[in-house]
Amino acid sequence: MGWRLVSGVITALMLVSVYLLFFSPFFVVDSVEVVGAQRLTSIDINQAMGLAGETIFAIDPEVVQQRLETAFPELKSFELAIGLPHTIVLSVVERTPLIAWIQNEEEVWVDDEGVGFMPRGEVEGLLRVNAQGLPPGAELVGTNEDLLLPPELVETTLALRAYLPEGAKLMYQ
């Protein structure tokens with residue numbers, strides 16, 4: 001056997017290996033394991049990530065991060081762990097809603113940082129605020145136009161709770 005034949009065999013084996021890495025069902029992601037979710041479901045998260053059927057080597061963590069940030073502003077933080085052969089674990093920390101901001105008959109939950117997100121599930125003890133407009137300093141941000149209140153406004157609004165009768169709603173005009 002000459003060196004050319006050995007080189008040809010090695011090249012062929014390398015090409016087969018690369019092909020198997022990208023097209024073998026052994027490396028295809030079925031679903032993402034979600035850890036730490038309280039109100040979000042793993043089904044919702046898996047649909048938003050869109051990784052089912054992808055090979056583990058084709059996953060771009062930055063694209064996944066953008067999808068998650070856009071779809072779920074209620075995620076305070078998350079960490080994506082990718083492992084072989086096809087394991088993906090997403091650890092999440094959800095924001096804790098403190099205020100139910102109701103404006104134009106639409107309810108948005110707000111956390112202590114002023115980040116607004118759509119309600120999911122049930123949360124007891126939210127301070128309900130009926131608003132007829134956005135307060136100064138508030139913004140609608142991102143492609144989904146998510147509510148962002150100044151943290152000082154959230155803090156002040158929550159401080160008013162001590163002076164309200166139980167079950168009362170605040171009005172913002």
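Student: How many cavities of 30 Å³ or more does the structure hold?
Tutor: The structure holds 1 such cavity, where a cavity is a set of points on a 1 Å grid over the protein atoms alone at which a 1.4 Å probe fits but cannot get out. This is a predicted model, in which local features need pLDDT of at least 70 and side-chain atom pairs count only at pLDDT 80 or more, while totals for chains, interfaces and linings use all residues. Residues are numbered from 1 along each chain as its sequence is written, and side-chain values use heavy atoms, with hydrogens and water left out.

Student: And how much space lies in the largest cavity?
Tutor: The largest cavity has about 40 Å³ of space, counted as the space filled by probe spheres set on the grid points, which are joined across faces, edges and corners.

Student: Which residues line the largest cavity?
Tutor: The lining (residues with an atom within 4 Å of a point) is made up of R39, L40, E74, E94, W109, F117, M118, P119 and R120. By class, 5 of these lining residues are nonpolar, none is polar and 4 are charged.

Student: What about the largest pocket, how much space lies there?
Tutor: About 330 Å³ lies in the largest pocket, a pocket being an open set with protein on both sides within 12 Å along at least five of seven lines. Its lining has 17 residues, and E106, V108, L140, E145 and L147 are the closest to the centre of the pocket.

Student: Which elements give two or more residues to that lining?
Tutor: They are β4 (99-103), β5 (106-110) and β9 (146-148), where strands are DSSP runs of E with at least two residues, numbered from the N terminus. By class, the lining of the largest pocket has 9 nonpolar, 3 polar and 5 charged residues.

Student: New topic: where is the cis peptide bond?
Tutor: The cis bond joins L84 and P85, with omega about 5 degrees, and P85 is found in the loop between β2 (75-83) and β3 (87-94).

Student: And what is the phi of N104?
Tutor: N104 has a positive phi of about 55 degrees although it is not a glycine, and its place is in the loop between β4 and β5.

Student: Why point these two out?
Tutor: They are worth a look because most residues other than glycine have a negative phi, and most peptide bonds are trans.

Definitions and conventions
Nonpolar A, V, L, I, M, F, W, Y, C, P; charged D, E, K, R; others polar. Helix = DSSP H or I, 4+ residues; strand = E, 2+ residues; numbered from the N terminus.
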